[in-house]
Amino acid sequence: MRTGETRWAYTFLLPWIIGLVLFQAGPMIASAVLSFTDYDLIGAPEFVGLDNYAALAADPRVARAIENTLLYTVIHVPLACVLALGLALLLNQVTGRAAGVFRTVFYLPSMTPTVAVGVLFLFLLNGQAGLLNEVLGVFGIEGPQWTSDPDWMLPGIVIMSLWNLGASTIVLFAALRNVPRELTEAAMIDGAGSWQRFRHITLPMISAALFFVVIVDTIAALQMFDQVYTMYFGTSQAQQTTGDAALFYVVYLFQQGFQYLHMGYASALAWLLFAVIAVITFIQIKVGDRLVHYE
Amino acid sequence: MTARRIFPLMLLGAASAIFLYPFVWLVFASLRPRDLTFSGQLPIPFRPQSYADVWDAAPMLTWLLNSVVVGVAAALAVTVSSAFVAFGFAYFRFPGRGVMFASVLGTMMLPAAVTLVPTYLIWNSVGLTGTQVPLWAGNLFGSAFYIFLLRQFMLGLPRYVFEAARVDGASYLGLFWKIAVPLSRPALIIAFIFELKASWFDLMKPLIYLQDAELFTLPRGLKAVVDQFYQGGDPKWEIVLAASVVTTLPLIVVFFFGQRYFLQGIATTGRR
């Protein structure tokens with residue numbers, strides 16, 4: 001009976017086990033092995049030791065891609081989380097029906113395919129006549145060339161990313177809904193002001209959700225690809241002449257692996273990305289353990 | 001109403017306007033003649049012709065159908081296989097369960113970009129690059145996020161229902177198919193629509209695996225439209241805009257029908 005049950009349990013797990021070996025663990029190991037080879041898909045992989053990693057350390061485009069990606073992440077994540085928290089707090093101030101409608105509206109940008117978002121913002125961020133600069137013009141500000149001035153392309157990408165706050169807002173709003181009303185009311189009776197109530201009751205109570213949003217958003221930001229690739233990379237005329245101002249890490253990985261067919265080098269790039277994400281997530285979790293209040 | 005009540009509503013209204021206006025702009029601009037793409041607010045003069053032209057300029061209908069087929073295949077594959085695996089975790093007590101479940105949680109942390117190259121080599125070795133198979137077939141083995149979601153849901157199902165069915169002589173497959181699946185419907189719908197969305201969004205896999213434009217999905221097709229018509233000597237912005245609307249609209253429709261599940265899914269899993 002028991003062994004029969006175990007056999008059945010593993011029968012149900014079988015798809016996962018096959019997938020784990022074939023599409024997760026296997027590729028991880030293969031990627032590690034490939035990173036020590038020179039492989040262009042045509043000949044056999046040739047062992048080159050640490051050459052790829054040495055090349056990577058000396059590659060100015062890797063440095064540029066890392067710089068752009070980290071800068072984007074460092075600007076995007078705090079802004080996105082603070083804005084999403086602000087929206088969630090506002091949603092929490094209004095009653096049922098209206099909150100539902102606003103929540104739906106905030107999520108709509110997240111239902112727009114990332115390629116379409118990239119296209120849309122090519123128009124909205126257009127330096128000559130785009131909507132953003134029109135609006136800035138109303139306030140007497142002459143907006144920059146968001147899509148063609150190398151100094152302003154990254155800020156433009158950040159602005160685009162802030163259009164999409166829906167998922168984070170919904171997670172934080174759900175967390176706010178779970179803060180017991182008695183707690184804030186008791187604090188109010190004790191004379192705590194609204195900032196004190198937020199700082200000492202609400203924030204600790206939603207810190208786990210906030211922490212989750214920060215981690216997920218950071219991992220996604222470090223892998224930014226679709227929108228940036230749509231706007232600034234590709235075949236034919238769309239290729240911009242603005243240097244590597246919009247070169248993100250995964251874009252470079254894609255170019256190396258699938259345009260130049262440098263499979264070994266791309267694998268080394270992938271492992272560096274994995275290491276960077278692992279280290280950043282680890283630090284966030286360590287810091288989070290001190291700050292997050294778990295019940 | 002007091003100022004305390006009105007102030008948040010005003011701010012939320014302003015935020016809504018910021019989130020909604022880009023949609024309005026996109027639709028209106030796609031209905032204006034090209035030389036008025038950037039000027040004017042309303043679609044005047046009204047020119048819906050771009051929506052006729054876009055089907056001629058690019059095989060949009062083929063791409064739309066490809067997206068539907070690939071999206072449904074991807075969503076169906078991942079939902080059924082993840083439910084199957086989730087049932088294994090939720091129902092049985094067996095040696096190795098902790099380790100196996102840790103492997104599920106572990107892969108949630110693994111960035112997709114890391115396995116990109118070897119996964120390509122796998123599909124290449126079986127001669128399936130250049131086909132749509134790699135766009136969905138990897139989903140046949142379940143996906144960590146959905147396995148986790150469905151396991152949590154199934155753990156919440158009353159145990160005695162399963163025990164009663166066992167006493168009545170149901171097989172384990174019967175328990176899964178006749179009890180766990182029907183009772184998990186809300187969670188299954190969440191898994192299905194999230195994967196449908198993910199597939200509808202995906203640009204990377206079509207870029208890597210597809211060369212033949214006839215096989216493109218909508219995002220890959222839209223990228224081709226941008227490359228061809230956004231810049232160069234004779235830009236056709238109205239085509240690019242109309243193609244963007246065509247790419248976006250089906251998903252917005254799905255969202256309005258499945259709204260409840262989307263919002264619930266995000267609130268419970270944090271999946272975006």
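Two residues are in contact if their C-beta atoms, placed from the backbone, lie within 7 Å. The model shown in every view is predicted.

**Figure 1. The interface between chain A and chain B.** In this predicted model, 75 residues of chain A are in contact with 68 residues of chain B. Helix H1 (residues 2–34) of chain A gives the most to the side of chain A that touches chain B. Its share is 18 residues. By residue class, the side of chain A that touches chain B divides into 54 nonpolar, 18 polar and 3 charged residues.

**Figure 2. Confidence along chain A.** Chain A has a mean pLDDT of 91. Of its residues, 96% reach 70 or more. Among the elements of chain A, helix H3 (residues 60–91) of chain A has the highest mean pLDDT, 96. The lowest, 87, belongs to helix H9 (residues 181–189) of chain A.

**Figure 3. The fold of chain B.** Chain B has 13 helices and 0 strands. Along the sequence, the pattern of chain B reads α-α-α-α-α-α-α-α-α-α-α-α-α. The C-alpha trace of chain B spans about 75 × 65 × 35 Å along its principal axes. Its radius of gyration is 23 Å, whereas a compact globule of 272 residues would have one near 19 Å. Of the 272 residues of chain B, 45% count as buried. Take the contacts in chain B with a separation of 6 or more: 74% of them join residues 24 or more positions apart.

**Figure 4. Helix H12 against helix H13 in chain B.** Two packed helices are described by the angle between their axes and the distance between the axes. Here the partners are helix H12 (residues 218–229) of chain B and helix H13 (residues 237–269) of chain B. Their axes come within 10 Å and cross at roughly 170 degrees. Angles over 145 degrees count as roughly antiparallel, so H12(B) is roughly antiparallel to H13(B). H12(B) makes the contact through B:Leu218, B:Pro219, B:Leu222, B:Val225, B:Val226 and B:Phe229. H13(B) contributes B:Ile239, B:Val240, B:Ala243, B:Ser244 and B:Thr247. The residues of this contact divide into 9 nonpolar, 2 polar and no charged.

**Figure 5. B:Tyr120 in helix H5 of chain B.** B:Tyr120 lies in helix H5 (residues 116–125) of chain B. A residue is buried if 20 or more other C-beta atoms lie within 10 Å of its own. B:Tyr120 has 21 within 10 Å, so B:Tyr120 is buried. B:Tyr120 and B:Gly221 are 101 residues apart in sequence. In space they are 21 Å apart, C-alpha to C-alpha.

Definitions and conventions. Residues are numbered from 1 along each chain as its sequence is written. Chains are lettered from A and ligands numbered from 1 in the order in which they are written. This is a predicted model: local features need pLDDT of at least 70, side-chain atom pairs count only at pLDDT 80 or more; totals for chains, interfaces and linings use all residues. Helices (H or I, at least four residues) and strands (E, at least two) are DSSP runs, numbered from the N terminus. Ala, Val, Leu, Ile, Met, Phe, Trp, Tyr, Cys and Pro count as nonpolar, Asp, Glu, Lys and Arg as charged, and the others, Gly among them, as polar. The radius of gyration is taken over C-alpha atoms; the globule rule is 2.2 Å times the number of residues to the power 0.38. A residue is buried if 20 or more other C-beta atoms lie within 10 Å of its own, exposed if 12 or fewer, and partly exposed in between; C-beta atoms are placed from the backbone. Axes are lines fitted to C-alpha atoms, for helices over the stretch in contact, and angles run from 0 to 180 degrees between N-to-C directions. Angles under 35 degrees count as roughly parallel, over 145 as roughly antiparallel, 65 to 115 as roughly perpendicular and the rest as oblique. pLDDT is the predictor's confidence in each residue, from 0 to 100.
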